Amino acid sequence: MEGALASASAITDQRQKIEQYKLILSSLFSSNDVPQFKLFIDHMVSDYVPLVVSRQLLQMFAQDLGKLEPESQKEVAHYALTQIQPRVVSFEEQVLIIREKLAELYESEQQWSKAAQMLSGINFDSGIRMLDDTYKLSKCVQIARLYLEDDDSVNAEAFINKASFLVSSSHNEVLNLQYKDERCTKLKIYPILQKVYLERILRKPEIDAFAEELKGHQAEKIASRMIYEDRMRGSIDQVEAVIHFEDDTEELQQWDHQIVGLCQALNDILDGMANKGLTVPV
């Protein structure tokens, strides 16, 4: 590999140089050889390769990452991000693609927080590479959704707040839920969302329907975190699969208000996106 890279580097004609590097990169994807990939990345970010060449080759590398086996893809991609970091200003487009590819992989493995962290590392406010507001908004909503999958309402709320500044109509009047986006009414949990938003009393069948939509780990994970952080008094019986709550009305009401506020903020953002004609995945 070192010899092949040295030979390509010695080529004076830029077009031929790029073609030779492309052949090397293609052979690497065929072999799935992680150590050789690392040598290639080291070479690309070195002073031996003109920036106009390394950008093009690292762009191809980033776009084709999905061809690697998952574990190889993670190792190679993380290595690339580390090696590029000292010169990240020169490779912002390539870093963005690498982060998006890794986020896709982590999301497919249901590693929600890792996917969110990978996307949150994108420099949305770069003065070198301008990202339009539509892209920024979609990523902020995606990151918030990923954090919510792991019940991380704190980080989710941070990105919801960022998204709110990108939507001109984020401060809406009281939501009319027989409104503007028909897709919401098709959700199984629509009745309970409507009542929670309007602060109405919930009936047992509605609560049962909502519980069916939760993933197995979510109710226990939220409760255990709240008990550990002393935000709620109670205990969890994992053998019987029961959560015992102690009388702690004030804390529970505060938690309810936080959940309502978070859901309302996210609904406002999605509503604003729909008003602007942006596609909102449900």
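Student: Why is Asn32 called partly exposed?

Tutor: Asn32 has a relative accessible area of 25%. Buried means under 20% relative accessible area, exposed over 50%, and partly exposed in between, with a 1.4 Å probe and protein chains only. Asn32 is therefore partly exposed. As to provenance, this is a predicted model in which local features need pLDDT of at least 70 and side-chain atom pairs count only at pLDDT 80 or more, whereas totals for chains, interfaces and linings use all residues. Residues are numbered from 1 along each chain as its sequence is written, and side-chain values use heavy atoms, with hydrogens and water left out.

Student: What makes Gln110 count as exposed?

Tutor: The relative accessibility of Gln110 is 54%, and therefore Gln110 counts as exposed. Gln110 lies in the loop between H6 and H7, and its phi is near 60°, a positive value in a residue other than glycine.

Student: How do you know that Leu105 is buried, and which residues does Leu105 touch?

Tutor: At 11% relative accessibility, Leu105 counts as buried. Leu105 has its place in helix H6. Contact means heavy atoms within 4.5 Å; not counting residues up to four places away in sequence, Leu105 touches Pro70, Gln73 and Lys74. The C-alpha atoms of Leu105 and Lys74, 31 residues apart along the chain, are separated by 8.4 Å.

Student: Is Met60 buried or partly exposed?

Tutor: Met60, in helix H4, has a relative accessible area of 23%, and so Met60 is partly exposed. Leaving aside neighbours within four places in sequence, Met60 is in contact with Lys22 and Leu25.

Student: Why are H4 and H6 called roughly parallel?

Tutor: H4 and H6 pack at an angle of about 10°, with their axes 9 Å apart. Axes are lines fitted to C-alpha atoms, for helices over the stretch in contact, and angles run from 0 to 180 degrees between N-to-C directions. Angles under 35 degrees count as roughly parallel, over 145 as roughly antiparallel, 65 to 115 as roughly perpendicular and the rest as oblique. H4 and H6 are therefore roughly parallel to each other. The contact is made by Arg55, Leu58, Gln59, Phe61, Ala62 and Gln63 of H4 and by Glu93, Gln94, Ile97, Ile98 and Lys101 of H6.

Student: What makes H6 roughly antiparallel to H7?

Tutor: Helix H6 (residues 92–108) and helix H7 (residues 112–120) pack at an angle of about 170°, their axes being 8 Å apart. That angle makes H6 roughly antiparallel to H7. Arg99, Glu100, Leu102, Ala103, Tyr106 and Glu107 of H6 make this contact with Trp112, Lys114, Ala115, Gln117, Met118 and Leu119 of H7.

Student: How do the residues of the contact of H6 with H7 divide?

Tutor: They divide into seven nonpolar, one polar and four charged. Ala, Val, Leu, Ile, Met, Phe, Trp, Tyr, Cys and Pro count as nonpolar, Asp, Glu, Lys and Arg as charged, and the others, Gly among them, as polar.

Student: Which residues have the most contacts inside the largest nonpolar core?

Tutor: A nonpolar core is a set of buried Ala, Val, Leu, Ile, Met, Phe, Trp, Tyr and Cys residues joined through side-chain atoms within 4.5 Å. The largest has 59 residues, and those with the most contacts inside it are Tyr21, Phe37, Phe40, Leu57, Phe61 and Ile98. Helix H8 (residues 133–149) gives the most to this core, with eight residues.

Student: Which helices do the buried residues of H3 pack against?

Tutor: The buried residues of helix H3 (residues 34–44) are Val34, Phe37, Phe40, Ile41, His43 and Met44. They pack against helix H1 (2–10), helix H2 (14–31), helix H4 (51–63) and helix H5 (70–84). Phe40, His43 and Met44 are also among the contacts of Tyr21.

Student: How do you know that Leu137 is buried?

Tutor: The relative accessible area of Leu137 is 3%, and Leu137 is therefore buried. Leu137 is found in helix H8.

Key. Helices (H or I, at least four residues) and strands (E, at least two) are DSSP runs, numbered from the N terminus.
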